[in-house]
Amino acid sequence: MRLIERLLPHNTKYDFIRYRLVAFGITAFLIIGSFVSIAVKGFNFGIDFAGGILVEAQSTSGPADLHAMRTTLGGLNLGEVSLQEFGTTGRDIMIRVQRQEGAEKAQMDALAKVKDALGSGYSYRRVEIVGPKVGGELVRDGVLAVVLSLAAIAFYVWFRFEWQFGIGALVSTFHDVITTFGLFSITGLEFNLTTVAAILTIAGYSVNDTVVEYDRVRENLRKYKSMSLYDLLNLAVNETLARTILTVSTVFVTVLALLFFGGEVLRGFSIAMLWGLIIGTYSSIYVAMPMLVYFNLRTGKDKAEEEGEGGATQAAP
Amino acid sequence: MYHIPKWQLILVVVATLLGITYAAPNVLTREQADRLPQWLQPVSLGLDLQGGSYLLLEVDTGYVFREQLTSLVESIRTVLRKEKIKYSDLGAKGDTVTVRILDAGDRERGRELVRKIDPDTLIENRDDGLFAVKYTEEAVKRRKLSAVEQSLEIVRRRIDELGTREPSIQRQGEDRVVVQLPGVKDPDRIKSLLGKTAKLTFHLLDDSVGPDEVAKGRIPPTSMLLPSVERGGAAENHVVRKRVEVGGDMLVDSKATYSDGRPVVSFRFNAAGGKKFGDATRENSGKFLAIVLDDKVISAPRINEPILGGSGIISGSFTVQQAQDLALLLRAGALPAPLQVLEERTVGPDLGADSIRAGTIASLLGLVLVVILMIAIYGVLGLLADVALTLNLVLLLASLSVLGATLTLPGIAGIVLTLGMAVDANVLIYERMREEQRNGRTVMSAMQAGFDKAFGTIFDAHVTTLTAAALLFQFGSGPVRGFAVTLTLGLLASLFTAVMVTRILVIIWIKWRRLKTLPLD
């Protein structure tokens with residue numbers, strides 16, 4: 001099969017590890033940038049977390065008059081009301097009303113006002129109301145899920161490999177999670193429950209990628225006793241390169257199918273997954289692997305060989 | 001030499017047959033599926049796909065407790081008065097009822113009387129004859145729990161009365177109730193019905209208090225001032241005796257009907273209630289009887305004659321709908337505490353149908369793309385992986401149906417992602433085979449080594465992703481849990497299909513074509 005040779009790079013000898021400092025620079029930039037954006041700009045929280053009202057209304061007669069709707073709803077004194085047209089017919093409008101002051105009842109009353117104001121010219125395809133209490137709980141649960149999954153993944157990798165690998169996996173997965181948060185902060189994409197699902201899936205996928213490469217490192221450590229760690233890591237990345245590209249491609253096409261045909265509800269999820277695929281693959285090769293250079297993975301007499309290769313003490317990027 | 005163990009063959013054949021059997025109902029229409037037996041049903045769709053309304057309610061358990069304290073105060077008052085024990089400072093504050101017994105000689109007797117009112121209370125002596133009465137922690141917990149249980153039952157009855165299709169009403173956590181109503185487009189009426197506690201009581205009006213005293217706020221402690229909802233009625237407020245003559249809990253039936261051409265609600269008491277009602281109306285002929293619903297006076301007619309039949313009518317200024325709703329509420333019974341809607345999610349049936357269509361297109365397209373990609377790269381080996389992948393999909397659908405899991409839109413996203421991730425195992429195996437073959441192994445040996453050496457990696461990679469999915473299931477809510485479920489089942493199925501099934505297919509293929517090398521280079 002000649003096609004394989006053409007499409008998949010086999011027996012490559014790229015020097016990935018050489019560019020580690022550049023990669024660390026990029027990684028640091030991405031992480032710091034994400035933190036800054038999160039701190040300064042924050043998130044565009046959907047109603048799942050912020051509370052409030054979301055109404056997907058469809059005009060029953062011709063295109064919706066966005067301007068008139070804005071005026072009508074703006075006059076209701078409900079605080080921030082945002083309207084957004086979507087779809088292709090011009091009849092679908094997404095209405096978001098900020099969380100109302102006061103308890104749960106205030107949210108229900110606000111919805112009644114919105115429906116009253118819009119009158120009978122609209123049908124409601126989707127109505128969601130989240131009160132302040134539930135919103136707070138969903139935030140707590142989301143944070144807990146992300147933190148625990150990072151911890152669990154690191155713990156598992158530590159258990160199956162060595163602690164150095166555990167740290168490498170933790171740092172690279174943390175990087176993926178933080179930069180995905182950063183993406184949502186910078187672009188202002190709506191951050192909701194499906195975003196959390198995407199982030200956990202990204203974490204799972206990225207560590208999956210990392211584990212495949214670490215597995216190869218571990219095997220090579222046994223196989224090539226005298227190879228320098230530098231060359232050994234490069235070899236592992238090159239050996240798994242074909243698999244990395246092919247797997248990214250298969251997941252990529254399925255995510256594209258979701259993005260273009262999965263509908264409005266899954267859009268944010270698909271964008272996050274697409275980003276996560278790219279960043280997860282990058283971090284496995286350029287964060288998780290080069291970090292190992294700085295750890296003393298060999299013991300005993302092997303140590304001497306490795307000393308010449310970038311130091312044996314641990315150093316965080 | 002590389003024979004396939006018989007148990008594996010049998011397992012694969014049985015799993016395939018079962019998978020196809022259980023997955024098959026999913027391609028039928030709803031009418032066709034309804035004719036199938038209970039054990040062979042298509043996967044149930046979440047409200048975001050079939051359309052419907054989801055309500056998360058919270059029982060105000062604090063209310064139950066406050067009610068309890070108020071009634072304890074009333075009981076203490078009644079007992080001490082009856083026994084002619086002088087007291088002061090009677091009242092409830094926080095979680096404690098306090099009362100001061102003035103005569104030192106009465107204190108022991110008074111304490112004993114108060115203690116006897118409710119065995120769940122603890123009495124503490126404070127200074128100078130002041131007693132603090134508290135409910136034990138265990139009693140508070142038990143009563144809150146029973147209030148939630150009772151609320152669940154009442155919510156169920158009210159919704160059943162409305163005749164919605166297959167409602168699901170479940171308790172969640174300590175004090176919450178999840179109501180799921182498939183097919184309900186507009187839950188406003190249900191919300192308004194659930195928003196009323198519908199506590200009905202009959203009281204006498206306190207005619208000893210004149211309007212001047214009401215204006216000055218001088219209401220005797222045995223009476224209360226309640227707003228009237230009678231439209232066009234003379235009085236805005238009524239002074240009503242606190243004593244309950246008869247309660248709505250003694251009602252056995254209630255209907256909306258007409259009296260003089262106006263909508264009214266008729267009701268009937270059980271035997272005990274009928275007797276109490278009869279006695280009250282006989283003893284108080286000529287007085288006014290206030291009909292109180294949720295602390296509002298619906299009407300206060302004059303008692304013209306004793307009502308001995310145990311039934312009567314409530315006439316207020318109702319619309320037909322209001323009369324019907326009130327009758328329904330009275331039939332279903334009162335909630336022990338008010339309910340609050342914390343969260344509402346309603347999806348119209350057409351959006352649900354659109355989502356199903358979008359999800360189906362995305363899944364099929366994803367499948368086709370992955371299949372093409374695998375064949376383009378690996379040729380026949382790719383095709384074999386695709387066969388395994390299709391089986392994975394069938395098993396996933398079958399296990400969702402058998403487990404009675406709910407498929408949501410994010411759940412469909414999970415299926416689509418599974419497609420992309422499941423072939424990863426095959427890619428790992430095939431790449432490994434290629435390497436082993438280059439290292440000079442024979443075809444069967446390379447094949448076997450590919451499976452053996454890739455398995456550890458596949459296993460580790462699966463465990464980490466499954467960990468994330470499990471946490472998502474634990475902490476996720478609603479539709480997102482559906483994502484965790486499909487991702488988990490899909491990954492588990494892929495351990496079976498991508499590894500065992502593909503291996504069998506590859507061996508059969510090698511033997512059939514008598515291959516000397518694997519076409520990987």
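The exercises below apply to a predicted model.

**Exercise 1. Sort residues of α2(A) into buried and exposed, then locate the buried ones around the axis.**

Solution. 
- Step 1. A residue is buried if 20 or more other C-beta atoms lie within 10 Å of its own, and exposed if 12 or fewer do.
- Step 2. Arg20(A), Ala23(A), Thr27(A), Leu30(A) and Ser34(A) are the buried residues of α2(A).
- Step 3. Look down the axis of α2(A). The buried residues fall within an arc of 90 degrees, so they line one face of the helix.
- Step 4. Recall the helix repeat. An α-helix has 3.6 residues a turn, so residues three or four places apart point the same way.
- Step 5. Turn to the other side of α2(A). Exposed residues there are Leu21(A), Val22(A), Gly25(A), Ala28(A), Phe29(A), Ile32(A), Ala39(A) and Val40(A).
- Step 6. Identify the packing partners. The buried residues of α2(A) pack against α7 (163–187) and α11 (267–293) of chain A.

**Exercise 2. Describe the overall build of chain A.**

Solution. 
- Step 1. Chain A holds twelve helices and six strands.
- Step 2. Its radius of gyration is 25 Å, whereas a compact globule of 317 residues would have one near 20 Å.
- Step 3. The C-alpha trace of chain A spans about 80 × 50 × 30 Å along its principal axes.
- Step 4. Chain A is divided into domain 1 (2–45 + 135–307) and domain 2 (52–130). The C-alpha centres of domain 1 of chain A and domain 2 of chain A are 40 Å apart.
- Step 5. Of the 317 residues in chain A, 49% count as buried.

**Exercise 3. Work out which parts of chain A touch chain B.**

Solution. 
- Step 1. 60 residues of chain A are in contact with 59 residues of chain B.
- Step 2. On the side of chain A that touches chain B, at least two residues each come from α1 (2–7), α5 (104–118), β5 (122–130), α6 (132–160), α8 (193–223) and α10 (241–261) of chain A.
- Step 3. α8(A) gives the largest share of this side, 13 residues.
- Step 4. By residue class, the side of chain A that touches chain B has 36 nonpolar, 13 polar and eleven charged residues.

**Exercise 4. Decide whether Thr408(B) is buried or exposed, and list its contacts beyond four places in sequence.**

Solution. 
- Step 1. Thr408(B) sits in the loop between β19 (406–407) and α13 (409–438) of chain B.
- Step 2. Thr408(B) has 25 C-beta neighbours inside 10 Å, so Thr408(B) counts as buried.
- Step 3. Leave aside neighbours within four places in sequence. Thr408(B) is then in contact with Gly46(B), Asp48(B), Leu49(B), Pro479(B) and Gly482(B).
- Step 4. Check one further pair. Ser355(B) is 53 residues from Thr408(B) along the chain, and their C-alpha atoms are separated by 9.4 Å.

Notes. Residues are numbered from 1 along each chain as its sequence is written. Chains are lettered from A and ligands numbered from 1 in the order in which they are written. This is a predicted model: local features need pLDDT of at least 70, side-chain atom pairs count only at pLDDT 80 or more; totals for chains, interfaces and linings use all residues. Helices (H or I, at least four residues) and strands (E, at least two) are DSSP runs, numbered from the N terminus. The arc is that of the directions from the helix axis to the C-beta atoms. Two residues are in contact if their C-beta atoms, placed from the backbone, lie within 7 Å. The radius of gyration is taken over C-alpha atoms; the globule rule is 2.2 Å times the number of residues to the power 0.38. Ala, Val, Leu, Ile, Met, Phe, Trp, Tyr, Cys and Pro count as nonpolar, Asp, Glu, Lys and Arg as charged, and the others, Gly among them, as polar. Domain bounds come from an automatic or database domain assignment.
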